Amino acid sequence: MRKKIVAGNWKMNMTFEEGQTLTSEILNMMKDEHSGDAIAVLNPPFPHIFPVKKLIGEAKGVFIGAQNCSDKEAGAFTGEVSAKILASFGVQYVIIGHSERREYFKESNEMLATKVKLALANGLIPIFCCGESLEIRTAGTHEPNVKFQLTEGLFDLSTEDFAKIVIAYEPIWAIGTGKTATSEEAQEMHAALRRHVASKYGKDIAENTSILYGGSCNPKNAQELFGKPDVDGGLIGGASLKSRDFVDIIKSF
Ligand code: PGA
């Protein structure tokens, strides 16, 4: 059975105090209200990781992730954070290849494939992002586009390693825009991605791979999106900064 995952991507938001408050509120609401099997992954900016993890403690179904890791193992790379350092702080997940990293920081498929391998080598679970721009969607080449991102970023992995991957499909035109993909559009792409995984790693692995949807997911549309057979959760930006919204999204399963 594949895991149901709701991952919050705080991006470059939240001071120390705000992050502590948000985490405490999420933990309290989860404890009081959430009995389902969906898990939460909090992905704050790097300095929050240790204190947020301390707050999470032994809480059931709540995990800590990072938003990025370096494509270098260690050494003189000022400002970078390696997968090994993250693992040593108890980080469990890492978002790799978010469209903002691909676009603003020029991260190539080749670089992302290296990051994925380093994350796995250090015991982190990559949440590997893919998704098309509005231009590509309008041209109608979105499906081959995301399949290519998957092939380049992940298909060098052994079956054993691939089995640990979480995929996030995030159409760029839906990120932070308030314009969500319809549940049918999301389902269509998730099913295509799952077929693509099956063609490389077989049906069993594909059936067990969690594929999350990202892009203006909120408490109002989450239930409809998560109700689709190939949508296994969400990668949440804006709505993950509000405890009530984030927990309501988790409860949408
Ligand atoms: P959004 O961001 O929910 O604010 O659209 C999603 C993401 O970028 O992961």
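Visitor: Is the crossing of α1 and α12 left-handed or right-handed?
Guide: Keep in mind that this is a predicted model. For handedness, you look at which way the near helix is turned from the far one: anticlockwise by less than a right angle is left-handed, clockwise is right-handed. Here α1 passes α12 in a right-handed crossing.

Visitor: At what angle do these helices pack, and how far apart are their axes?
Guide: The angle is taken between the N-to-C directions of the two axes. For α1 (residues 16-33) and α12 (residues 243-250) that gives about 35 degrees, and the axes are 9 Å apart.

Visitor: Which residues meet there?
Guide: On the α1 side you'll find Leu22, Glu25, Ile26, Met29, Met30 and Glu33, and they meet Ser243, Arg244, Phe246, Val247 and Ile250 of α12. Sorted by class, that contact has 7 nonpolar, 1 polar and 3 charged residues.

Visitor: Now the ligand. How many residues surround the ligand, and which are the closest?
Guide: There are 13 around it, with Lys11, His98, Glu170, Gly176 and Ser216 the closest.

Visitor: Which backbone atoms lie by an oxygen atom of the ligand?
Guide: For polar contacts, look for N or O pairs within 3.5 Å. A backbone N or O atom of Gly176 sits 2.6 Å from a ligand oxygen, one of Ser216 is at 2.7 Å, and one of Gly237 is at 2.9 Å.

Visitor: And how much of the ligand's accessible area does the protein cover?
Guide: Compare with the ligand on its own: of its 280 Å² of accessible area, the protein covers 95%.

Technical notes
Residues are numbered from 1 along each chain as its sequence is written. This is a predicted model: local features need pLDDT of at least 70, side-chain atom pairs count only at pLDDT 80 or more; totals for chains, interfaces and linings use all residues. Side-chain values use heavy atoms; hydrogens and water are left out. A residue is near a molecule or strand if one of its heavy atoms lies within 4 Å of it. A polar contact is a pair of N or O atoms within 3.5 Å; within protein, one must be able to donate a hydrogen and the other to accept it, and residues adjacent in sequence count only if both atoms are side-chain atoms. Accessible areas come from the Shrake-Rupley method with a 1.4 Å probe; for residues, only the protein chains shown count as cover. Axes are lines fitted to C-alpha atoms, for helices over the stretch in contact, and angles run from 0 to 180 degrees between N-to-C directions. Helices (H or I, at least four residues) and strands (E, at least two) are DSSP runs, numbered from the N terminus. Contact means heavy atoms within 4.5 Å. Ala, Val, Leu, Ile, Met, Phe, Trp, Tyr, Cys and Pro count as nonpolar, Asp, Glu, Lys and Arg as charged, and the others, Gly among them, as polar.
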